[in-house]
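Subject: Structure handover

Hello,

Here is the structure for your files. My notes on what was found in it follow below.

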Amino acid sequence: MNPAQKALWYIESHLAEALTLDEIAAIADVSRFHLVRAFAAATGFSVMRYVRARRLSEAARALACGAPDILTLALDADYGSHEAFTRAFRDHFGVTPERVRATTCLDRLKLQEPIMMDSTALDHLKPPRFEAGKPLLVAGVGERYNHENGGAGIPNQWQRFHQVVDNIPGRIGKVAYGVCCNGDDAGNFDYIAGVEVADFSDLPREFSRVRIPAQRYAVFTHREHISTIRRTVNTIWNHWLPASGMTAADAPSFERYDEKFDPLTGHGGLEIWVPVRE
């Protein structure tokens with residue numbers, strides 16, 4: 001398995017935490033030396049330069065939105081002081097954090113976006129089982145993406161979900177769901193990292209919500225590392241579904257993460273539920 005893919009997933013899903021090269025290499029199941037070479041070959045970046053560029057880019061976005069406390073941003077970006085953060089920010093972008101906050105403008109900054117993971121088709125896909133899915137109410141952290149960028153920010157979205165999941169009222173069970181819904185003809189879609197809830201009546205406004213109707217699903221098991229999920233999803237939609245004699249139903253699709261999935265390492269597997277009709 002591609003260690004750069006594992007490293008990208010781990011960096012994006014732990015961006016607000018302290019990260020070391022040794023830790024990332026351990027998650028990628030390779031040595032530091034191997035990871036440095038593999039990551040640079042795949043992305044054109046050194047591992048920690050990518051980490052710094054991503055953190056500074058997210059800090060710049062927060063500043064443009066008026067973030068009041070630069071020290072908090074500095075600490076979140078793993079800088080020990082306001083001064084160290086300001087120096088790194090100025091070296092990277094050519095302007096100070098205060099300037100970006102005052103102008104609220106990012107047009108002249110070269111922001112580092114998340115690098116997309118591999119989405120080439122699988123050679124073999126295990127046939128699905130079919131389930132009659134029950135209605136679900138799912139609440140959590142939502143973002144809108146475009147299929148052209150493939151939702152490259154989803155790993156970071158899951159990190160934010162894990163930070164606030166205990167604040168979601170009325171949770172049912174321990175399963176987490178990654179729901180794709182509200183797609184449009186331009187390729188935009190909503191992704192909600194969430195949990196099943198009893199109802200939406202007490203749900204705070206900052207949480208997104210989606211009603212999933214009763215529906216027939218083709219259920220695929222993704223046993224590999226989470227970083228390769230795009231390959232499985234691509235194979236389902238572009239290879240299995242056209243050859244299956246079925247069509248996709250107009251309903252949300254979702255990933256189902258039970259207690260076997262480890263959000264720290266990305267191992268443990270998950271299920272992909274695709275709504276279908278004859």
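The buried residues of helix α8 (154–164) pack against α1, β2 (136–146), β3, β4 and β8 (253–257). Buried means under 20% relative accessible area, exposed means over 50%, and partly exposed lies in between (1.4 Å probe, protein chains only). Helices (H or I, at least four residues) and strands (E, at least two) are DSSP runs, numbered from the N terminus. The α8 residues that are buried are Ile154, Pro155, Asn156, Gln157, Trp158, Gln159 and Phe161.

On provenance: this is a predicted model, in which local features need pLDDT of at least 70 and side-chain atom pairs count only at pLDDT 80 or more, while totals for chains, interfaces and linings use all residues. Residues are numbered from 1 along each chain as its sequence is written, and side-chain values use heavy atoms, with hydrogens and water left out.

Helix α1 and the cores

Helix α1 (residues 3–13) is mostly covered, with 11 of its 11 residues buried. Among them are Lys6 and Glu12, as well as Trp9 and Ile11. The buried residues of α1 pack against α2 (21–27), α3 (32–43), α4 and α8.

The largest nonpolar core has 52 residues. A nonpolar core here is a set of buried Ala, Val, Leu, Ile, Met, Phe, Trp, Tyr and Cys residues joined through side-chain atoms within 4.5 Å. The residues with the most contacts inside the largest core are Ile11, Ile24, Leu35, Phe39, Phe161, Ile168 and Tyr257. Helix α1 gives the most to this core, with six residues. A second, separate core has 17 residues and includes Ile70, Phe85, Phe93 and Leu109.

Phe39 touches Ala4, Ala7, Leu8, Ile11, Gly44, Phe45, Ser46, Val47 and Tyr50, with residues up to four places away in sequence not counted. Contact means heavy atoms within 4.5 Å.

Helices α4 and α6

Helix α4 (residues 47–64) and helix α6 (residues 82–93) pack at an angle of about 95°, and their axes are 11 Å apart. Axes are lines fitted to C-alpha atoms, for helices over the stretch in contact, and angles run from 0 to 180 degrees between N-to-C directions. That angle makes α4 roughly perpendicular to α6; the classes are under 35 degrees for roughly parallel, over 145 for roughly antiparallel, 65 to 115 for roughly perpendicular, and oblique for the rest.

On the α4 side the contact is made by Ala53, Leu56, Ser57, Ala59, Ala60 and Leu63, and on the α6 side by Phe85, Ala88, Phe89, His92 and Phe93. The residues of this contact divide into nine nonpolar, two polar and no charged. For that count, Ala, Val, Leu, Ile, Met, Phe, Trp, Tyr, Cys and Pro are nonpolar, Asp, Glu, Lys and Arg are charged, and the others, Gly among them, are polar.

Cysteines

A search of the whole structure finds zero disulfides, a disulfide being a pair of cysteine sulfur atoms within 2.5 Å. Cys105 is in no disulfide, and the nearest cysteine sulfur, that of Cys65, is 12 Å away. Cys105 counts as partly exposed, at 32% relative accessibility. The sulfur of Cys180 is 7.5 Å from the closest cysteine sulfur, in Cys181, which is too far for a bond. Cys180 is partly exposed as well, with a relative accessible area of 26%.

Individual positions

Arg129 is in strand β1 (129–133) and is partly exposed, with a relative accessible area of 34%. The C-alpha atoms of Arg129 and Ala218 are separated by 5.9 Å, although the two residues are 89 residues apart along the chain. Leaving aside neighbours within four places in sequence, Arg129 is in contact with Tyr217, Ala218, Val219, Thr221, Glu271 and Trp273.

Ala102 lies in helix α7 (residues 97–103) and counts as exposed at 64% relative accessibility. Ala102 and Leu63 are 39 residues apart in sequence and 8.4 Å apart in space, C-alpha to C-alpha.

Val233 is found in helix α9 (residues 229–244) and is partly exposed, with a relative accessible area of 30%. Its C-alpha atom is separated from that of Ile272 by 7.9 Å.

Two backbone angles may be of interest for your checks. Phi of Thr104, in the loop between α7 and β1, is near 50°, a positive value in a residue other than glycine. Asn182, in the loop between β3 (171–181) and β4 (188–197), has a positive phi of about 55° although it is not a glycine.

Regards
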